[in-house]
Amino acid sequence: MCQLLGMNCNVPTDICFSFTGFSRRGGHTDHHGDGWGIAFFEGHGCRIFRDYLPSAESPIAELVQRYPIKSTNVIAHIRKATQGAVNLANTHPFLRELWGQYWIFAHNGNLEGLPNDFGDYYQPVGSTDSERAFCLILERLRKRFSALPEHAQLCQALREIATELAALGTFNFMLSNGDWLFAHCATHLHYIVRHAPFAQAHLVDDDVTVDFSEVTTPNDRVAVIATQPLTDNECWHKMAPGELICFRDGYPEPVA
């Protein structure tokens, strides 16, 4: 299966530390070597880097580790292919427009029985179940709402769609429009919220330590979500199967 990484915070923050450890799992400390990608929201825009090479060997991944892009919402993915060939078209995260906003999606798992033709607006480019699921989500949302709905309505709609698709297999996913980051757990997802007083953190996958008190302000709040914890000296929260959480400004809000 693939692995996911997300970040949601109240001030633009770089993800270099977390991505350094995460990218090592793409062919070095783990076997997710079938491509990788990462997306950063910057205002109304979105900057995406993707490669079909393992992230532990990719020159583009090395660039991202050293390039302190600051964002309030980030989604990254390392792939272990279950459906679809190893190529760029099948590499996550995927991007589409809805209601005049960019939406980013990445999936860990395997879904069987998804329809191949399910709407008028969104069609997959690649051959993964993940991209088809993303297109289906957006198709359902667009048909249900002509414009961006109230937050509570959006949460309820996503809860219903996630429950429906989770019945088809394993459906861990992250979805963001640059304002919110939704995380849905089927098997494994963990998160941590860093806030003052900040302390040191040490990566599981590399001998790297950072003292967040030296690179943050007392008002910063940063939520990091990952398939498996990225650090070995912090307390990560394990999400329950079927749980859907909306992260905004670094705060996790469970969706009932």
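Which side chain meets that of lysine 70 in a salt bridge? The partner is aspartate 14, at 4.0 Å from N to O. Keep in mind that this is a predicted model. The pair links distant parts of the chain, 56 residues apart. Lysine 70 sits in the loop between helix H2 (59-66) and strand S4 (71-78), while aspartate 14 belongs to the loop between strand S1 (3-13) and helix H1 (16-24). Neither end is hidden away completely: lysine 70 is partly exposed at 49% relative accessibility, and aspartate 14 is partly exposed at 27%.

**Salt bridges**

The count for the model comes to 9 salt bridges. Side chains of opposite charge can pair when their charged atoms come close.

| Pair | N to O distance |
|---|---|
| Lysine 70 and aspartate 14 | 4.0 Å |
| Arginine 24 and aspartate 206 | 3.7 Å |
| Glutamate 62 and arginine 66 | 3.6 Å |

Take arginine 24 and aspartate 206, whose side chains meet in a salt bridge. Arginine 24 lies in helix H1 and aspartate 206 in the loop between strand S10 (200-202) and strand S11 (209-211), so this pair ties together parts of the chain that are 182 residues apart in sequence. Both ends are in the partly exposed class, with arginine 24 at 27% relative accessibility and aspartate 206 at 25%.

Glutamate 62 and arginine 66 make a local pair by comparison of position: they are 4 residues apart in helix H2, which means about one helical turn separates them. Glutamate 62 is partly exposed, with a relative accessible area of 43%, whereas arginine 66 is exposed at 66%.

Now for the strands. At the S13 end, strand S9 (residues 190-195) pairs with S13 in the antiparallel sense over 2 bridges. Histidine 190 has lysine 238 in S13 as its bridge partner.

Tryptophan 236 is worth a look here. It is found in the loop between strand S12 (221-226) and strand S13 (237-238). Is tryptophan 236 buried or exposed? Its relative accessibility is 10%, so tryptophan 236 counts as buried. Leaving out residues up to four places away in sequence, tryptophan 236 touches His190, Tyr191, Ile192, Arg194, Val224, Ala226, Pro229, Leu230 and Thr231. With threonine 231 there is also a side-chain polar contact of 2.8 Å. As for arginine 221, 15 residues away along the chain, its C-alpha atom is separated from that of tryptophan 236 by 15 Å.

**The six-stranded sheet**

Another open sheet has 6 strands, ordered S5-S6-S7-S8-S14-S15, again with antiparallel pairing. S5 and strand S15 (251-254) are the edge strands, each with a single partner, so one side of each is left without a neighbour in the sheet. From one strand to the next, the twist averages 20°. Strand S8 (residues 181-184) and S14 pair in the antiparallel sense over 4 bridges, and leucine 181 stands opposite phenylalanine 247 in S14.

Two helices go with these strands. H3 packs on the sheet, touching S5, S6 and S7, and its direction makes about 10° with that of S5. H4 lies across S6, S7, S8, S14 and S15 and runs at about 30° to S8.

**Nonpolar cores**

Which residues have the most contacts inside the largest nonpolar core? They are Leu141 and Phe182, in a core of 31 residues. Among the elements that each supply at least two residues of this core are helix H3 (129-144), helix H4 (151-166), strand S5 (94-98) and strand S6 (101-108). Setting aside neighbours within four places in sequence, leucine 141 is in contact with Leu98, Trp99, Leu154, Ala157, Leu158 and Ile161. Apart from this core lies another of 22 residues, including Trp36, Ile38, Val64 and Leu230. Leu230 has come up already, as one of the residues that tryptophan 236 touches.

Conventions: Residues numbered from 1 in each chain as written. Predicted model: local features only at pLDDT ≥ 70, side-chain atom pairs only at ≥ 80, totals over all residues. Heavy atoms only, no water. Buried < 20%, exposed > 50% of the residue type's maximum accessible area, 1.4 Å probe, protein only. Core = buried A, V, L, I, M, F, W, Y, C linked by side-chain atoms within 4.5 Å. Contact = heavy atoms within 4.5 Å. Polar contact = N/O pair within 3.5 Å; in protein donor to acceptor, adjacent residues only side chain to side chain. Pairing = 2+ DSSP bridges. Axes fitted to C-alpha atoms, helices over the stretch in contact; angles between N-to-C directions.
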